[in-house]
Amino acid sequence: MNLFLETIVFLVKFIWLWLLGVYKALMPASLQPQKAISGWTVLISGSGSGIGRLLALRFAALGCRVVLWDMNQAENEKTAHLLRQAALGAQATTYTVDLSNRDQVYRIAGQVKDDVGDVDILVNNAGIVTGRKLLDTSDTADALMVKTMEVNSISHFWTVKAFLPAMLQRNRGHVVTISSSAGLFGASGLVDYCSSKFAAFGFAESLRLELAKQKKDGIKTTVVCPGFIDTGMFEGFKYRFPILMPILEPPYVADKIIEAVLIDQAWLCLPRSAYLMYYLKGLLPVNATDALGEFMGILDLMDEFKGRKKD
Ligand SMILES: NC(=O)c1ccc[n+]([C@@H]2O[C@H](COP(=O)([O-])OP(=O)(O)OC[C@H]3O[C@@H](n4cnc5c(N)ncnc54)[C@H](O)[C@@H]3O)[C@@H](O)[C@H]2O)c1
């Protein structure tokens with residue numbers, strides 16, 4: 001095809017996809033075609049708490065087999081217990097895994113394949129936050145700062161490398177990356193966390209493009225960028241204008257993630273105002289963006305941060 005024809009074809013496709021995107025963004029997910037995932041195997045990391053636990057319950061309610069990964073064995077077992085109590089009839093298998101340990105991730109991934117078979121949906125959800133300023137963090141190998149990178153982003157290399165090959169063989173699957181609005185915007189007091197979440201966002205975007213290059217259109221990706229969720233992870237975090245960035249309720253976030261998976265939504269921002277802020281960031285000069293951020297309280301978000309006591 002010559003370049004002129006190719007350009008015309010591209011423009012028609014581009015405008016069609018743009019209009020389709022606007023239509024999908026405006027149309028409630030319940031009115032859009034949703035894929036059937038009953039009988040699929042879903043692996044959720046960080047399933048012992050917060051969003052991971054709620055996702056496990058929702059995937060089980062949709063008829064999925066759930067594989068629960070967490071380093072906190074007791075809380076992970078509690079998730080499995082809740083699933084049994086809910087009498088959803090779904091098979092739930094728990095594994096105690098420290099995602100910051102690559103060898104352990106590969107070993108347990110092998111066990112999962114032996115015990116339950118291939119994974120259809122992989123949800124990289126586990127995450128940690130230190131809430132320390134850069135110069136207050138230690139830089140030894142086992143430091144929390146490094147751990148943050150390992151759990152929040154580097155572990156995605158190992159989990160995806162473990163489970164993607166089988167998805168590629170079948171050209172069927174879905175990789176869900178839980179990033180954050182901290183993966184789109186920097187914030188004072190969150191240097192390590194933002195770095196890890198920007199990395200997770202970049203990982204998900206590049207993975208999507210690698211799949212496109214391989215023409216594996218049966219494998220979908222969803223990257224999720226929520227603002228502050230009331231799970232306890234960010235206890236003490238505060239917005240200056242909660243009306244613009246409301247505190248998100250965990251069940252709402254879990255519902256939206258499930259919807260995004262069912263309609264193959266590639267990027268989910270919560271609340272929706274985050275999309276607008278992201279576009280503004282691309283349009284405005286850096287100094288103006290920083291001034292806007294300062295006015296919005298982005299320098300003071302972490303001033304009263306406590307986090308999870310036990311962690
Ligand atoms: N809570 C928020 O405000 C918020 C906002 C945006 C994004 N997120 C992201 O959403 C995801 C879920 O957050 P949440 O609020 O449900 O967190 P949470 O603290 O309630 O749950 C995180 C889970 O990850 C597990 N985990 C931590 N380190 C691990 C490791 N090394 N190996 C295995 N498991 C490990 C924990 O045991 C815990 O069960 C995280 O990735 C988080 O960064 C949270």
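Lys238 is partly exposed, at a relative accessible area of 31%. For residues, buried means under 20% relative accessible area, exposed means over 50%, and partly exposed is anything in between (1.4 Å probe, protein chains only). This is a predicted model, so local features need pLDDT of at least 70 and side-chain atom pairs count only at pLDDT 80 or more, while totals for chains, interfaces and linings use all residues. Residues are numbered from 1 along each chain as its sequence is written, and side-chain values use heavy atoms, with hydrogens and water left out.

Back to Lys238: you'll find it in the loop between S6 and H7. Helices (H or I, at least four residues) and strands (E, at least two) are DSSP runs, numbered from the N terminus. Leaving aside neighbours within four places in sequence, Lys238 is in contact with Asp300, Leu301, Asp303 and Glu304, where contact means heavy atoms within 4.5 Å. The Lys238 side chain reaches the backbone oxygen of Asp300 at 3.2 Å. That's a polar contact: a pair of N or O atoms within 3.5 Å, where within protein one must be able to donate a hydrogen and the other to accept it, and residues adjacent in sequence count only if both atoms are side-chain atoms. Lys238 and Leu301 sit 63 residues apart along the chain, yet their C-alpha atoms are separated by 5.1 Å.

## Glu235, in the loop between S6 and H7

Glu235 lies in the loop between strand S6 (219–226) and H7. Glu235 is partly exposed too, with a relative accessible area of 40%. Skip its neighbours within four places in sequence, and Glu235 is in contact with Glu304, Phe305, Lys306 and Gly307.

## The ligand site

Arg308 turns up again here. The ligand is surrounded by 29 residues, with Ser49, Asp70, Asn125, Thr231 and Arg308 the closest; a residue is near a molecule or strand if one of its heavy atoms lies within 4 Å of it. The shell splits into 14 nonpolar, 11 polar and four charged residues. In that count, Ala, Val, Leu, Ile, Met, Phe, Trp, Tyr, Cys and Pro are nonpolar, Asp, Glu, Lys and Arg are charged, and the others, Gly among them, are polar.

Which atom of Thr231 lies 2.5 Å from an oxygen atom of the ligand? It's a polar side-chain atom. Taken alone, the ligand exposes 830 Å², and the protein buries 95% of that. Those areas come from the Shrake-Rupley method with a 1.4 Å probe; for residues, only the protein chains shown count as cover. Helix H2 (50–61) and helix H6 (191–213) are the elements that give two or more residues to the shell.

## Nonpolar cores

In soluble globular proteins, nonpolar side chains tend to be buried together. Here, the largest nonpolar core has 40 residues, and those with the most contacts inside it are Val42, Leu55, Phe59, Ile121, Val123, Val176 and Ile257. A nonpolar core is a set of buried Ala, Val, Leu, Ile, Met, Phe, Trp, Tyr and Cys residues joined through side-chain atoms within 4.5 Å. Helix H7 (residues 250–262) gives the most to this core, with seven residues.

Ile257 touches Ile51, Leu55, Val176, Ile178, Val224 and Leu268, not counting residues up to four places away in sequence. There's also a second, separate core of 27 residues, including Val97, Phe163, Leu164 and Leu207.

## Ser179

Is Ser179 buried or exposed? It's buried, with a relative accessible area of 3%. Ser179 is found in the loop between strand S5 (173–178) and H6. A polar atom of its side chain lies 2.9 Å from the backbone oxygen of Lys197. With neighbours within four places in sequence left aside, Ser179 is in contact with Lys197, Ala200, Phe201, Val223, Val224, Cys225 and Pro226.

The peptide bond from Leu270 to Pro271 is cis, with omega near -5°. Pro271 lies in the loop between strand S7 (267–270) and helix H8 (273–283).

Asn171 isn't a glycine, but has a positive phi of about 50°. Asn171 sits in the loop between H5 and S5 and counts as partly exposed at 26% relative accessibility. Lys215, another residue other than glycine, has a positive phi near 55°. Lys215 is in the loop between H6 and S6 and is exposed, with a relative accessible area of 68%.
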